[in-house]
Amino acid sequence: MAMGITDVDDKIIARASEMQISPAALATLYEEDFKQDMAALKVLPPTVYLRVTENIPQIVAFIQGIVARGHAYPTAQGNVYFDLRSIGDKYGVLVAEVPAAATEPADSDKRHAADFALWKAAKPREVCWASPWGSGRPGWHIECSTVASMVFGSQLDIHTGGVDLAFPHHENEIAQSEVFHQCNQWGSYFLHSGHLHVKGREEKMSKSLKNYVTIKDFLRSFSPDVFRLFCVRSHYRSAVDYSSSSMLDAQHLLLGLAAFVEDSRAYMKGQLAGGAVGEAALWERLSRVPGIVRAALADDFDTPRAVGAVLDLVHHASRELRVATKCVAGESSSTTLRGVVEELVHFRLKVRQLALATPETGGEARRPLLEACDELRRNLAAHGISIKDRSSTVSTWELLDPRMRQQKPGG
């Protein structure tokens, strides 16, 4: 696994100028901050980091190869552009329709508006490097093709990035790499992840929009595992809404999983009084789960389905543990109550999910089911049990008696 680090571009140059430091110093500052955040979230580092400024000669050589093969042209102003028309209809494999090129300024030295820069001529007071076409710096797209090819050659197994990088960035990488390597398919798979949104807003979470929560601030309230569980409960290609309630949902699920593991270990050590669990049924269910998880992950990394299979196994195993330990001395009534409430909340959640998941039946057909769920919640509240619907897939309950207040996962 290789990670490309763009340590020089228009934004870095502009920001470094504002801060009166070198672009290299600014890039290093942000790179180290990023690495610390990834480590704090338990994200494993790549095998190698590849920085643009450390590979300028290789990038120049890559551009020379594309020019030599007739797919790029230098200009009198010292720029080098990829000639998009030279590859015919091979461009646009990642998008249904290639957007029309933006109108170029009158002084543009491109042959065609859709052509893109491989090498940018130096501007006054900007960082630059020598090249056969004069001083300048690499274009954004070419640097990624070059550093990836340094490690993987003409065949890349998996290329990842945000959904906004599919076009034009990844399309341009494909075009450059396939003409340089003279291959029919450079990358086998492109995985484009959805953006993180602040709940209630359409735009993605980003620094430029000032609508973001830093990882350091997040970790003051939640653990890394909470965020990781929050992520895998959504498909990687889906846009995800960030909110305090969604984080609490993930936290409650994680606490429920930890409690199950603790109870299971206690049972295995003989520390839980009561009878034996129904092992035959649990073994049968357990034997099916690994296959479901593998099939889900093999289906475009369907982590929600994989996690759902594990959570369903935990629910049934927890029910077996509750049945086996209902007769614990001195706690039988409390244990029985909790077991009954768990079953009731889980059944209510299933009914609610069914109602919400069948929009084709129409609002009139679904209303009685949802009203019954609401009525059950009100009736239980009268007995000191509060049910909270955290999302369409998670409900929690708690005892309203302050002496017994302890929130429990219910689905």
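Student: How do you know that helix α9 has the span expected of a helix with 20 residues?
Tutor: This is a predicted model, and in it α9 covers residues 279–298.

Student: What makes Leu282 of α9 a buried residue?
Tutor: Buried means under 20% relative accessible area. Leu282 counts as buried, as do Val289, Val293 and Ala296 of α9.

Student: Why are β3 and β4 called a pair?
Tutor: Two strands pair if there are at least two bridges between them. β3 and β4 have three bridges, in the antiparallel sense, so they meet the definition. Tyrosine 73 has tyrosine 81 in β4 as its bridge partner.

Student: Why are β3 and β6 said to stand at the edges?
Tutor: The open sheet has four strands in the order β3-β4-β5-β6. β3 (72–74) and β6 (136–138) each have a single partner strand, so one side of each is left without a neighbour in the sheet.

Student: What makes the set with Ile63, Ile66, Phe82 and Leu118 a nonpolar core?
Tutor: A nonpolar core consists of buried residues of kinds such as Leu, Ile and Phe, joined through side-chain atoms within 4.5 Å. The largest one here has 22 residues, and those four have the most contacts inside it. Helix α3 gives the most to this core, with six residues.

How values were computed:
Residues are numbered from 1 along each chain as its sequence is written. This is a predicted model: local features need pLDDT of at least 70, side-chain atom pairs count only at pLDDT 80 or more; totals for chains, interfaces and linings use all residues. Side-chain values use heavy atoms; hydrogens and water are left out. Buried means under 20% relative accessible area, exposed over 50%, partly exposed in between (1.4 Å probe, protein chains only). Helices (H or I, at least four residues) and strands (E, at least two) are DSSP runs, numbered from the N terminus. The expected span of a helix is 1.5 Å times one less than its number of residues.
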